[in-house]
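Hi,

Here is the structure I promised to pass on. Have a look at it first, and then read my notes below.

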Amino acid sequence: MTFPARLNPLRVTFRVIVNPLAAVREIGQSEAPPWWQTFLGLALPVLLVSVIASQWLYQVIPTGLPPEAMPVAWGFGIYSVLAMSIGVLGLTWSAHYLGELFQGRGDADRAMLAVSVGLLPAWVGKVAAAFPWPWGNGIGLLLILYSLWLLYWSLRGILGLRRGNRIGLFVATVFCGAFITLIFGWALMDLIPGATPEIRIGTTWLI
């Protein structure tokens, strides 16, 4: 299949949610497009829909929080897109550069494909988390955990790792990607007007 058909964002997201291992196997057996094409054609569209939908839901569904604890929708929306994009890139380049360290192969194109596929459930979970507690937060958390599990299988099946090195690369990739996102995430929150609520409630808005 050509790239636009094979990695149609809606189709891939549905396949990943319904039959994840088959989706990883199908994608992993095909040639990976350039990393920037995967980012623009798969990761970014789903990411944008996730942010727009979740911000809209926060505006129409009461959160129970005081108004001053809610960030400005457009400011936090921009922050979310940038922070999540940094997360994708951070995980991708971590997997790429750490691949050879764990006796695999450094391949930025396949690393971006694996990370994008692995994070799809987490972006769906961001939308689910906007629904009232406890169902929204519960489903969102389950989808984030599901995304971590899928990221492991994506790195294993798409990036291609030898037995015995898979868990090490997964842990190192998640650690480095999270560290990069955390550093830039806090900086962005303070730089973008409206992204930070007047009253911060833990690390809720970074997530």
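The buried residues of H4 are Thr38, Phe39, Leu42, Ala43, Val46, Leu47, Ser50, Val51, Ser54, Gln55 and Leu57. By "buried" I mean under 20% relative accessible area; exposed is over 50%, and partly exposed is in between (1.4 Å probe, protein chains only). Helices here are DSSP runs (H or I, at least four residues), numbered from the N terminus.

Before going further, a word on where this comes from: it is a predicted model, where local features need pLDDT of at least 70 and side-chain atom pairs count only at pLDDT 80 or more, while totals for chains, interfaces and linings use all residues. Residues are numbered from 1 along each chain as its sequence is written, and side-chain values use heavy atoms, with hydrogens and water left out.

Back to H4, which covers residues 35-60. From its first C-alpha to its last, this 26-residue helix reaches 36 Å, close to the 38 Å expected at 1.5 Å a residue. (The expected span is 1.5 Å times one less than the number of residues.) H4 has a kink of about 35° at Ala43, shortly before the proline Pro45. The bend at a residue is the angle between axes fitted to the seven residues ending there and the seven starting there.

Thr63 sits in the loop between H4 and H5, and is partly exposed at 35% relative accessible area. Not counting residues up to four places away in sequence, Thr63 touches Tyr58 and Met70; contact means heavy atoms within 4.5 Å. From Thr63 to Tyr146 there are 83 residues in sequence and 25 Å in space, C-alpha to C-alpha.

H7 runs over residues 135-160. Its 26 residues should span 38 Å at 1.5 Å a residue, and the end C-alpha atoms are 36 Å apart, which agrees. H7 has a kink too, of about 25°, centred on Ser154.

Which residues of H7 are buried? They are Gly136, Gly140, Leu143, Tyr146, Ser147, Leu150, Leu151, Tyr152, Ser154, Leu155, Ile158 and Leu159. Their cover includes helix H2 (9-18), helix H3 (20-28), H5, helix H6 (108-128) and H8.

Leu155 counts as buried because its relative accessibility is 1%. Leaving aside neighbours within four places in sequence, Leu155 is in contact with Ala95, Ala114, Gly160, Leu161, Phe170 and Thr173. Phe170 is 15 residues from Leu155 in sequence, and their C-alpha atoms are 7.2 Å apart.

Leu148 is also in H7, but it is partly exposed, with 36% relative accessibility. Together with Leu141, Leu142, Ile144 and Leu145, Leu148 makes a nonpolar surface patch of about 460 Å². Patches are made of residues with over 30% relative accessible area and no salt bridge; like charges are joined within 9 Å and nonpolar side chains (Val, Leu, Ile, Met, Phe, Trp, Tyr) within 5 Å. The areas come from the Shrake-Rupley method with a 1.4 Å probe, and for residues only the protein chains shown count as cover.

**Two more residues to look at**

Arg166 belongs to helix H8 (residues 166-191) and is buried, at 14% relative accessibility. Beyond its neighbours within four places in sequence, Arg166 is in contact with Tyr152, Arg156 and Leu161. Gly99 is 67 residues from Arg166 in sequence, with 9.6 Å between their C-alpha atoms.

Ser80 is in helix H5 (residues 73-99) and is buried, with a relative accessible area of 3%. Sequence neighbours within four places aside, Ser80 is in contact with Val51 and Lys126.

**Salt bridges**

How many salt bridges does a search of the whole structure find? There are 2, a salt bridge being a side-chain nitrogen of Lys or Arg within 4 Å of a carboxyl oxygen of Asp or Glu. Side chains of opposite charge can pair when their charged atoms come close.

Arg11 pairs with Glu26, with the closest N and O atoms 3.4 Å apart. Arg11 lies in helix H2 and Glu26 in helix H3, so this pair ties together parts that are 15 residues apart in sequence. Glu26 also forms a salt bridge with Arg15, at 2.7 Å between the closest N and O atoms. That pair links Glu26 in H3 to Arg15 in H2, 11 residues apart. Arg11 is partly exposed at 31%, as are Glu26 at 23% and Arg15 at 22%.

Cheers

Conventions. Helices (H or I, at least four residues) and strands (E, at least two) are DSSP runs, numbered from the N terminus.
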